[in-house]
Amino acid sequence: MIQTVGPTEHLSFYKIVVIGDSNVGKNALLARFVDEEYDYRQFQVTIGIELKWAVVDHGGEKIKLEFWGPAGTHRDPNTVAQCCPGADGVVLVYDITDRQSFENIGVWLKDIQKDLPENAERMLVTMLLGNKCDMEEKRIISQKDGEGRARQLGCRFKEVSAKHHINVKAALDELVAAILERRKGRTGSSTCQRCSVS
Ligand code: GDP
Ligand code: MG
C-alpha cells in the first residue's frame with residue numbers, strides 16, 4: 001500500500017531521482033509512484049525540481065521514498081547535479097516512441113555521474129524505464145534495444161506504462177529491493193541511517 005505523506009515524518013528513507021527528456025512521462029510515473037493515479041490534467045511542465053514523498057511497506061518495514069524530478073524541458077546539468085547528492089536510486093526514463101529520448105539516456109547518466117564521488121556512484125542503483133509501452137503501434141525502440149542499452153549502462157530495466165499502470169509497481173518494488181540490498185551490503189542492516197538532504 002502506497003500513501004503520500006508530508007516531508008517531516010521520521011522514517012528511514014531513500015532518495016530517488018527521476019530523470020529523462022521532456023515529455024517521456026516522468027510526472028506521470030511520479031504520480032503513479034506516489035498516488036497510483038494517472039491524471040494527465042495535473043501534468044504541467046515542471047519548473048526546477050519537483051519533490052514527492054511516498055511511504056511504502058517493504059516486507060513489513062515502512063520506508064519513506066523521496067522522489068526528486070528535475071525538469072527535463074532543457075537538459076540542465078546543474079539542476080541534475082543539484083538533485084543527485086545523497087541519491088540512493090536513479091530512474092532514467094525514455095519514451096519507446098521517441099528515439100531521441102532513448103539516445104539521450106547516456107547523456108543524462110553522465111550528468112548524474114559527473115559530480116558524484118566514486119563510492120556514491122557505486123552505491124547508486126540505476127534503473128532504465130521505457131515508458132508508454134501501451135503505444136505498441138507507435139513503438140520505435142524495441143524491448144531488446146532497451147535491454148541492451150540497460151546492460152551496457154549497468155542499469156536494471158523495465159518497460160512500463162504510466163497511463164495503463166503496466167509494470168510501474170513492479171519497477172518500483174524492484175528498485176526499492178535493490179536499494180535495500182545494496183545498503184544492507186554496506187551497513188549490515190536494511191535501515192538507512194542517513195539524514196535528509198537539505
Ligand atoms: P514529463 O515531461 O517527462 O514529466 O512527461 P509527462 O508526465 O508530463 O507526460 C508527457 C505526456 O505523455 C502527457 O501528455 C502524458 O499524458 C503522456 N504520457 C505519460 N505517460 C504515458 C504512458 O505511459 N502512455 C501514454 N500513451 N502516454 C503517456
Ligand atoms: Mg515533467
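A residue counts as buried if 20 or more other C-beta atoms lie within 10 Å of its own, exposed if 12 or fewer, and partly exposed in between, with C-beta atoms placed from the backbone. This is a predicted model: local features need pLDDT of at least 70, side-chain atom pairs count only at pLDDT 80 or more, and totals for chains, interfaces and linings use all residues. Residues are numbered from 1 along each chain as its sequence is written, while chains are lettered from A and ligands numbered from 1 in the order in which they are written.

Start with the whole chain. It holds 7 helices and 6 strands. Helices (H or I, at least four residues) and strands (E, at least two) are DSSP runs, numbered from the N terminus. From that end, the order is β-α-β-β-α-β-α-α-α-β-α-β-α. Of the 198 residues, 38% are buried. Two residues are in contact if their C-beta atoms, placed from the backbone, lie within 7 Å. Among contacts between residues at least 6 apart in sequence, 73% join residues at least 24 apart.

Now take the strands. Two strands pair if DSSP finds at least two bridges between them. Strand β3 (residues 61-70) pairs with β1 (residues 13-20) in the parallel sense, over 5 bridges. Here Phe 13 has Lys 64 of β3 as its bridge partner. β3 also runs antiparallel to β2 (residues 49-58), and 10 bridges join these two. β2 and β3 form a hairpin with 2 residues between them. In the turn, Gly 59 has a positive phi of about 55 degrees.

Next comes helix α6 (residues 143-153). Which of its residues are buried? They are Gly 146, Arg 149 and Ala 150. Just after α6, Gly 154 takes a positive phi of about 75 degrees.

Finally, look at ligand 1. It is surrounded by 17 residues, the closest being Gly 25, Lys 26, Asn 27, Ala 28 and Lys 163. A residue is near a molecule if its C-beta atom, placed from the backbone, lies within 6 Å of it. Helix α1 (residues 26-35) gives the largest share of this shell, 3 residues. By class, the shell has 6 nonpolar, 7 polar and 4 charged residues. Ala, Val, Leu, Ile, Met, Phe, Trp, Tyr, Cys and Pro count as nonpolar, Asp, Glu, Lys and Arg as charged, and the others, Gly among them, as polar.
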